[in-house]
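Here are a few exercises to work through with the model open in your viewer. Try each one before reading its solution.

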Amino acid sequence: MSLLQDLTSDMVSAMKSRDKETLAVVRMLKAAVQNAQIEAGHDLTPDEEVAVMSREYKQRKESLAEFEKAGRQDLVDKTNHELTVVEKYLPKQLSADDVNKIVQETIAAAGASSMKDFGKVMGAVMPKVKGQADGKVVNQAVKAALSSN
């Protein structure tokens, strides 16, 4: 089933169960996917769908940090709920150990030895972990691995 079909069926079940918070998030996600589809001019590929969901997840993560900084617990709770709903549609996230392993393998394959090779390593790692790891986590893993060499 496509992501759009999943979102529609989840929207219907949220309506039936009268879960207004989940319904609002699913509607936002569905609108984001439909807007991306209109922008692209064709049905989205699974990779494009993951990119849309990752973008939505990242936006909520950034909002969460701002709300925590401002001390707005009501918005923190709401955003945490939104994050759990968005996570449902993302591929399973890699653990830090898995990311480090991929980074080490990529460094060995690329022959990288210093921070000068950072861009080359990041460019090779990101497609491998697309949608499965946050860019910040990958960035930190690559920096740590290259600085220890």
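The exercises below go from the overall fold to helix pairs and then to the nonpolar cores of this predicted model.

**Exercise 1. Work out the order of elements in the protein chain from the N terminus on.**

Start by counting: the protein chain has seven helices and zero strands. Reading from the N terminus, that gives α-α-α-α-α-α-α. Next, get the dimensions: along the principal axes, the C-alpha atoms fill a box of roughly 55 × 40 × 25 Å. Now check burial: of the 149 residues, 34% are buried. Finally, look at contacts between residues at least 6 apart in sequence: 59% of them join residues at least 24 apart.

**Exercise 2. Decide how α1 and α2 run relative to each other: roughly parallel or roughly antiparallel?**

Two numbers are what you need here, since a packed helix pair is described by the angle and the distance between the axes. For α1 (residues 3-16) and α2 (residues 20-40), the axes come within 9 Å and cross at roughly 155°. Angles over 145 degrees count as roughly antiparallel, and α1 and α2 are therefore roughly antiparallel to each other. The crossing is left-handed. As for who does the touching, α1 brings residues including L3, L4, L7 and M11, while α2 brings, among them, L23, V26, L29 and V33. Sorted by class, that contact has ten nonpolar, four polar and three charged residues.

**Exercise 3. Find the largest nonpolar core: how many residues does it have, and which have the most contacts inside it?**

Pick out the core: it has 23 residues, and L7, L29, V33, V52, M53 and Y89 have the most contacts inside it. Then trace the contributors: α1, α2, α3 and α4 each supply at least two residues, with α2 giving the most, seven residues. Zoom in on V52: leaving out residues up to four places away in sequence, V52 touches A32, V33, A36 and L44.

Terms used: Residues numbered from 1 in each chain as written. Predicted model: local features only at pLDDT ≥ 70, side-chain atom pairs only at ≥ 80, totals over all residues. Heavy atoms only, no water. Axes fitted to C-alpha atoms, helices over the stretch in contact; angles between N-to-C directions. Helix = DSSP H or I, 4+ residues; strand = E, 2+ residues; numbered from the N terminus. Parallel < 35°, antiparallel > 145°, perpendicular 65-115°, else oblique. Left-handed = near helix turned anticlockwise from the far one by under 90°. Contact = heavy atoms within 4.5 Å. Nonpolar A, V, L, I, M, F, W, Y, C, P; charged D, E, K, R; others polar. Core = buried A, V, L, I, M, F, W, Y, C linked by side-chain atoms within 4.5 Å. Buried < 20%, exposed > 50% of the residue type's maximum accessible area, 1.4 Å probe, protein only.
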